Amino acid sequence: MRPCAALLALAALASPAPAQEVVTGISTENIALTADFTGSEVLVFGAIRRDAPIPVGEDPIDIVITLQGPPLTVLVRRKERRFGIWLNAEEVRVRHAPSYYAIATTRPLDGILSETERLRWQIGLDQAVRRVAAHPTIADTADFSEAMVRLRLENGLFVDAEGAVSLAEETLFQARFNLPTNIVEGGYSAEYFLVRDREIISSGAIAVTVQKAGIERWLYNLSQTRPLAYGLLSVALALAAGWLAAAGVRLARR
Amino acid sequence: MQIYLPIAEISVNVFVLLGIGGMVGVISGLFGVGGGFILTPLLFFIGIPPAVAVASAANQIAGSSFSALLVHLRRKTVDVRMGGVLLAGGVLGSAGGVQIYSELREAGQFELAVSLLYVFLLGTIGVLMLNESLRAMRRRGDPNALLMPRKRHTWAQGLPLKMRFRTSQLYVSAIPPFVIGFVVGVLAAIMGVGGGFIMVPAMIYLIGMPTKVVIGTSLFQFLFVTGFTTVLQAVQNKSVDVLLSLLLLVGGVIGAQVGANFATRLRAEQLRIGLAVLVILVGFRLLLDLVIEPDELYSIAPRR
């Protein structure tokens with residue numbers, strides 16, 4: 001494990017209204033993914049600055065943090081029974097769905113944020129797969145996008161972590177995201193939203209670079225960028241390993 | 001101990017892979033078959049995506065046939081000229097197979113096609129083997145029963161484009177070996193098998209090659225065709241997982257030694273019945289997966 005800890009700090013400059021809370025800094029630490037690892041953790045944390053002490057009786061503040069991976073266009077396929085066997089019969093394209101999408105909140109999302117605000121800011125798992133291509137013959141494309149969310153949740157690429165943001169003294173907040181090993185490398189974006197009275201009062205984003213480390217990242221990148229070299233290397237390694245293993249067995253027998 | 005396979009994009013226990021490689025190695029050592037036809041379905045069962053399993057199995061076969069081929073070359077039991085003709089067909093077949101593979105994958109039907117092929121193949125091999133070994137068991141006690149007449153003249157002798165194959169002491173048409181090589185090449189690309197189960201009988205009964213050069217010559221063809229298939233799969237489909245291949249290979253070579261040791265001590269017919277039953281069970285399991293309604297009807301594929 002080579003912890004390539006990157007500490008990024010970014011001041012959220014936007015302050016929408018006076019005397020309101022502003023996030024003064026948000027940071028992440030990321031750890032590169034390696035083979036002996038089953039995943040890695042990204043910690044997003046920040047602090048809220050207040051110009052005045054917390055007024056008594058004011059509604060508490062809530063925080064929503066999302067972490068999104070690079071967008072991908074994917075095909076969602078559905079099996080149907082034809083000629084007695086189950087085969088992929090229909091497919092729907094979902095454009096620019098984040099390859100990873102995690103949402104963490106201080107409390108259940110529908111309790112702290114109004115639906116209109118949620119849709120306006122495109123927060124939530126359903127919003128991650130909203131760009132479903134229309135299909136001439138498939139009427140129930142919504143089933144496909146729901147299935148995509150379900151499958152992604154199952155393999156850990158989508159995460160719904162209600163209550164996973166910890167907020168101390170209404171000032172310091174943090175959330176941990178466990179990234180599975182099968183994530184896509186690249187530019188991730190961590191966004192935070194400050195919520196009060198079911199409305200978003202402040203928001204911002206920072207970029208996080210997620211990289212896989214070690215030999216398997218090197219192999220993967222080689223297979224994508226120089227496939228011929230990768231193919232030749234694979235064969236050469238297989239021949240060498242086959243020969244060595246056989247030679248080893250012969251030696252062991254003597 | 002979990003290891004992350006970079007192309008298959010899943011974490012698998014190293015010992016599971018070594019175990020599968022070893023088990024297939026034992027089978028190949030016991031029966032003198034490559035075992036690709038049992039290896040690839042086992043990879044499906046542990047959750048390796050079929051497309052990656054098939055391409056990586058081809059790479060594994062290239063590695064496992066190499067050291068065996070060296071032994072045969074030393075013993076001069078390789079008909080290089082015949083191997084060359086088989087190989088010419090094999091390379092063409094492999095190129096065609098990789099193309100078919102890409103198109104099936106794009107259409108989302110690769111899994112279906114490969115499962116159907118395996119059900120058919122395993123069912124046929126299993127039933128034939130079971131039948132053959134049951135007959136052999138009944139024949140036991142009759143010492144003459146095993147003396148099978150080898151036909152030197154087959155219908156293949158009548159075809160044009162005759163070539164002289166010195167090592168095999170044959171003067172036959174190049175068309176049958178070319179066609180056999182082609183078929184085996186297609187299977188290598190689509191199913192991730194060496195294809196010995198087709199090639200070996202065809203070489204003996206169709207071409208009429210002497211048994212002593214059959215194994216060496218088919219290893220020659222496997223090595224180059226699966227090597228070629230690996231490179232093509234890597235270039236065109238990016239589906240070769242070299243870590244997967246290497247782990248299977250190491251398990252396989254060790255397993256093959258164990259199997260070869262056992263083979264001298266155990267009774268052949270009973271072993272063969274065991275293998276036949278195993279082959280039928282694997283085929284049946286694949287068939288069940290096709291027929292029973294799956295728990296999850298939806299799947300996600302990256303658009304390439």
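**Where chain A meets chain B**

A:R150 and B:E296 form a salt bridge in which the closest N and O atoms are 2.7 Å apart, the term standing for a side-chain nitrogen of Lys or Arg within 4 Å of a carboxyl oxygen of Asp or Glu. Across the interface of chain B and chain A, the rule finds one salt bridge. The structure is a predicted model, in which local features need pLDDT of at least 70 and side-chain atom pairs count only at pLDDT 80 or more, while totals for chains, interfaces and linings use all residues. Side-chain values use heavy atoms, with hydrogens and water left out, residues are numbered from 1 along each chain as its sequence is written, and chains are lettered from A and ligands numbered from 1 in the order in which they are written.

The size of an interface is often given as the accessible area lost when the parts come together. Here the area buried between chain B and chain A (the accessible area, with a 1.4 Å probe, that two parts lose on being put together, summed over both) is about 4,600 Å², and carbon and sulfur atoms give 65% of it. In chain B, the residues that lose the most area to chain A are B:Y4, B:Y298 and B:I300, which together make up 17% of what that side buries. Counted by contact, meaning heavy atoms within 4.5 Å, 49 residues of chain B touch 50 residues of chain A.

Strands of a sheet pair through backbone hydrogen bonds, either parallel or antiparallel. Strand β4 of chain A, residues 71-82, pairs with β5(B) in the antiparallel sense over five bridges, where strands are DSSP runs (E, at least two residues) numbered from the N terminus and two of them pair if DSSP finds at least two bridges between them. Along this pairing, the bridge partner of A:L75 in β5(B) is B:A301, and A:V76 stands opposite B:I300.

Methods. Helix = DSSP H or I, 4+ residues; strand = E, 2+ residues; numbered from the N terminus.
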